[in-house]
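Let's look at how two chains sit together in a model. Have the picture open as you read.

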There are 2 protein chains.
Amino acid sequence: MADYNRYGHAHGQGYGQQGYGYAPSAPPAPTPSSSSSYGYPPPPMGGFGGAVAFPPGTHPDVERAFRAVDRDRSGSIDEGELQAALSGAYHRFSIRTVRLLIFLFSDASPRSRMGPAEFATLWNCLGQWRVVFDRYDRDRSGKIESNELREALRGLGYAVPPAVIDLLIANYNNGVSNRGALDFDNFVECGMVVKGLTEKFKENDTRHTGSAALSYDGFLSMVIPFIVP
Amino acid sequence: MADYNRYGHAHGQGYGQQGYGYAPSAPPAPTPSSSSSYGYPPPPMGGFGGAVAFPPGTHPDVERAFRAVDRDRSGSIDEGELQAALSGAYHRFSIRTVRLLIFLFSDASPRSRMGPAEFATLWNCLGQWRVVFDRYDRDRSGKIESNELREALRGLGYAVPPAVIDLLIANYNNGVSNRGALDFDNFVECGMVVKGLTEKFKENDTRHTGSAALSYDGFLSMVIPFIVP
């Protein structure tokens, strides 16, 4: 049997099995999300171009944030609109991080826009991540130290080996004046990369052995979308 | 047995088995490299900080380009110096592409600098790639069309499936005014990603079956270095 602790069941909890209905062990998000909105299945594809349909129980703040940027009532938002929607509640993410979030959370094709249910799922996930980030940003500097990244990712349910942590730090602490520390943007980006790759790996570890057999085509197709310029 | 055509033996030739001594089926590079300089093993680690040691047979142009930017005679060059060294002969690559080239071609630790032997290997490789690029840039526009990318990569020895080509195009044609076409910088970056991932995959396909069994840690460690901000 697989040693699931090695990739994310650090707290004995499974990943959300339905799309991105992620249910980590962190406490509930502070303000915007109601706890009942965790764990929704992926949004229906038909939500675009028509009525703006949020899942039942979606917190009014989430709907408000979405509608504030979806001015043409198209029912979906693009990367610039998502960036604006998240700025007030969470962080002004770089457009690079925003693209990664759309790639990971959107089921739309092409993956350049995001619908209301996907937005609600993302919002709730970021609420969880903010809680974990704040827990390790003890001096409220807006950054967490690199040596706490491993614990923070573990808090999100990802048991990442030290060598990988070192790689993440080497990649994601650029541009931050205090080298070796991550701001929330970099934390989300590197954590989302771990989350996305872990989910892809797990899809291929069908027998839960902790090992996945990948074809060359499958390997390239899985990995290249993460390598976004 | 593995169907090697699926990952790079499109012309019945093997990858260079010694580091990046890559020997594709493309014709020899046009000007700078002597053919005898292909296929060198990786450079010795001791080449840094001391005498500037090029492999025997290195073309004088390559040495000149290196020495012109290594002003302090440290024996290694950083990313800005590499960018400058390549600008005259090949292209003013983006710093992002330069970092990828250092990551793929440098054995130094930390991988932020490049020594003379590594530089010579890179120079020769780019000569090959320039030949292939020019072959498909038929109107000399400085760009190749996206539908020719597959053939161009095949010309470099990488048989990439159509779905992956589509992913590459989606990722790498940003910023080029003529959407769907790649300039040399983007061509090199996306091709180098394919080259690097293929070599990593092949290291794990030890029995040449076309399939690799990867552990979660191994998978993350292999992939994350390519996801450079």
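## How the copies are related

Turn chain A by 180°, shift it 0.0 Å along the axis, and it lies on chain B with an RMSD of 0.0 Å (superposed by least squares on the C-alpha atoms of residues with pLDDT of at least 70 in both). The two copies are therefore related as by a two-fold rotation axis. In chain A, the C-alpha nearest that axis belongs to Ala213(A), 2.1 Å away.

This is a predicted model: local features need pLDDT of at least 70, side-chain atom pairs count only at pLDDT 80 or more, and totals for chains, interfaces and linings use all residues. Residues are numbered from 1 along each chain as its sequence is written, chains are lettered from A and ligands numbered from 1 in the order written, and side-chain values use heavy atoms, leaving out hydrogens and water.

## Where they touch

Chain A and chain B each bring 35 residues to the contact (heavy atoms within 4.5 Å). Because 100% of the interface residues of chain A are also interface residues in chain B, the copies meet through the same surface.

About 3,400 Å² is buried between chain A and chain B, with carbon and sulfur atoms giving 70% (buried area is the accessible area, 1.4 Å probe, that two parts lose on being put together, summed over both).

## The strand pair

Strand 3 of chain A and strand 3 (residues 211-215) of chain B pair in the antiparallel sense over five bridges (strands are DSSP runs of E, at least two residues, numbered from the N terminus; pairing takes at least two DSSP bridges). Here Ser215(A) stands opposite Ser211(B).

Note on methods:
Helix = DSSP H or I, 4+ residues; strand = E, 2+ residues; numbered from the N terminus.
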